[in-house]
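Please examine the sequence and the three-dimensional model shown below. The paragraphs that follow lead through the model step by step.

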Amino acid sequence: MGIVFEGVSKIFPDGTAALHGLDLAFEMGEFIVLLGPSGSGKTTACRVLAGLENPTGGRILVGGRDITALPPRLRGIGMVFQNYALYSHKTVFENIAYPLRVRKIPRAEIERSVKAMADLLQIGRYLHRKPGQLSGGQAQRVAVARALVWQPDICLMDEPLSNLDALLRLHMRTELKRLHRELRKTFVFVTHDQEEAMTLATRVAVLRDGELVQFDTPQTVYRKPASRFVAEFMGRPAMNTFDGTVNGGVFRAAGFEWRVPDLPNGPITLGIRPEQIELVDASAADSVVFEVDVVEHVEPDMLIFARRGASSLIVRAPNGRRGPEHGALLHLRFPAGALHAFDAKTGMRLP
Ligand code: ATP
């Protein structure tokens, strides 16, 4: 009885199909992240849920009720956008109070609600200031406070952190998580940043070309990506993938081979995450040798870019005092449990 997108399509008047029969259902109280590359339909899905865009097919249900034709203001949804557009001539207090004034809430209650929300977001000291006198992070918090002060059941946030510098983004991320825990409302958050998705979501909906390609907990999306696309999108640096062929339990790619006793014969894409490749001694049996190209230090780890023949890969390993030199030989092992196999043609995960 949560929120349901039932076969929702959106074809814009110019013929652009932004959503293709999107089916997505989640519970009230979740922190849902819509994740996908630019143009995958995240914003459109958000706008359709908010009622800012009419779907050209399908329905939206909230708590079992069809709200597809309901005007935005009756949907009980608060919104925060990337360009949060505060009223520059109003004080912070008045900006936050605005949704309450529109709803004709009594003055004393407005006073109490605005102060409580401002305290929760740690902007209580700035209530008398104008938006022009705030830092980017403070202004963003005012926008969040304004979206939530009237206690909507659902809060939609479309890339709300993308205008902030890296440190502030991290900080706001933690704040949003705390806010979600304290308010117990449903958060729907749009981003193309997989790290935001990993850290914030109770469940992540990965979109591609207007379709849902996976919907699961961040851990499952990371550990069992439904397709090569998801595997490469979720995780930085991206999963290493190799096109090749399995024959008699051996996978052959350009330049190397590896035992894969459980995989059937035929062309596949084999994947392994950089942090799951093992560096072993030269004397170790069962290893494959790659040559080091470049080493990048991303403390406390290092990224080793290496190649063998036409195959290249990245290894993420704890930083030793010195990384291997360009041209050094690396002995690597791909643990069986860390390997992912995808259909060579469709890119779908093989069981
Ligand atoms: P981004 O991360 O870049 O914001 P997104 O995943 O949010 O992308 P949408 O904004 O939902 O993607 O857009 C989905 C597709 O619909 C894109 O191809 C976009 O160009 C197209 N689109 C969006 N709005 C319109 C419109 N008003 N008219 C025509 N096409 C549109």
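In which sense do strand β1 and strand β4 pair, and over how many bridges? Strand β1 (residues 3–11) and strand β4 (residues 57–62) pair in the antiparallel sense, over 5 bridges. Here helices (H or I, at least four residues) and strands (E, at least two) are DSSP runs, numbered from the N terminus, and two strands pair if DSSP finds at least two bridges between them. The model is a predicted one, in which local features need pLDDT of at least 70 and side-chain atom pairs count only at pLDDT 80 or more, whereas totals for chains, interfaces and linings use all residues. Residues are numbered from 1 along each chain as its sequence is written, and side-chain values use heavy atoms, with hydrogens and water left out.

The pairing of β1 with β4 can be followed residue by residue. Ile 3 stands opposite Val 62 in β4, and Ser 9 stands opposite Gly 57 in β4. These strands belong to an open sheet of 4 strands with antiparallel pairing, in the order β2-β1-β4-β5. Its edge strands are β2 (17–26) and β5 (65–66), each of which pairs on one side only. Strand β4 also pairs with β5, in the antiparallel sense and over 2 bridges. Val 62 takes part here as well, with Arg 65 as its bridge partner in β5. The hairpin of β4 and β5 has 2 residues between the strands, and in this hairpin Gly 63 takes a positive phi near 55°.

A further set of pairings involves strand β9. Strand β3 (residues 31–35) and strand β9 (residues 203–208) run parallel and are joined by 4 bridges; Ile 32 stands opposite Arg 203 in β9. Strand β9 is also joined to strand β10 (residues 211–216), by 5 bridges, and this pair runs antiparallel. The bridge partner of Val 204 in β10 is Asp 216. In the hairpin of β9 and β10, with 2 residues between the strands, Asp 209 takes a positive phi near 50°.

Another open sheet has 5 strands in the order β13-β12-β11-β14-β20, with antiparallel pairing. Because β13 (256–259) and β20 (340–343) stand at the edges with a single partner strand each, one side of each is left without a neighbour in the sheet. Neighbouring strands of this sheet are turned by 40° against each other on average, direction ignored; such angles are taken between axes, which are lines fitted to C-alpha atoms (for helices over the stretch in contact), and run from 0 to 180 degrees between N-to-C directions. Within the sheet, strand β11 (residues 240–247) and strand β12 (residues 250–253) run antiparallel and are joined by 4 bridges. Gly 244 stands opposite Ala 253 in β12.

Which residues does Thr 241 contact, its neighbours within four places in sequence left aside? Thr 241, found in strand β11, is in contact (heavy atoms within 4.5 Å) with Arg 228, Glu 232, Thr 269, Leu 270 and Gly 271. Its side chain makes a polar contact of 2.8 Å with the side chain of Glu 232, and another of 3.3 Å joins the side chains of Thr 241 and Arg 228. A polar contact is a pair of N or O atoms within 3.5 Å; within protein, one must be able to donate a hydrogen and the other to accept it, and residues adjacent in sequence count only if both atoms are side-chain atoms.

The loops also hold backbone features. The peptide bond from Arg 236 to Pro 237 is cis, with omega near -10°, and Pro 237 has its place in the loop between α8 (228–233) and β11. The bond from Glu 299 to Pro 300 is likewise cis, with omega near 5°; Pro 300 lies in the loop between β16 (288–298) and β17 (301–308).

The last topic is the ligand. Of the 13 residues around the ligand, Ser 38, Gly 39, Lys 42, Thr 43 and Thr 44 come nearest; a residue is counted as near if one of its heavy atoms lies within 4 Å. Helix α1 (residues 42–50) gives the largest share of this shell, 3 residues. A polar side-chain atom of Ser 38 lies 2.6 Å from an oxygen atom of the ligand, and an N or O atom in the side chain of Thr 44 is 2.5 Å from an oxygen atom of the ligand.
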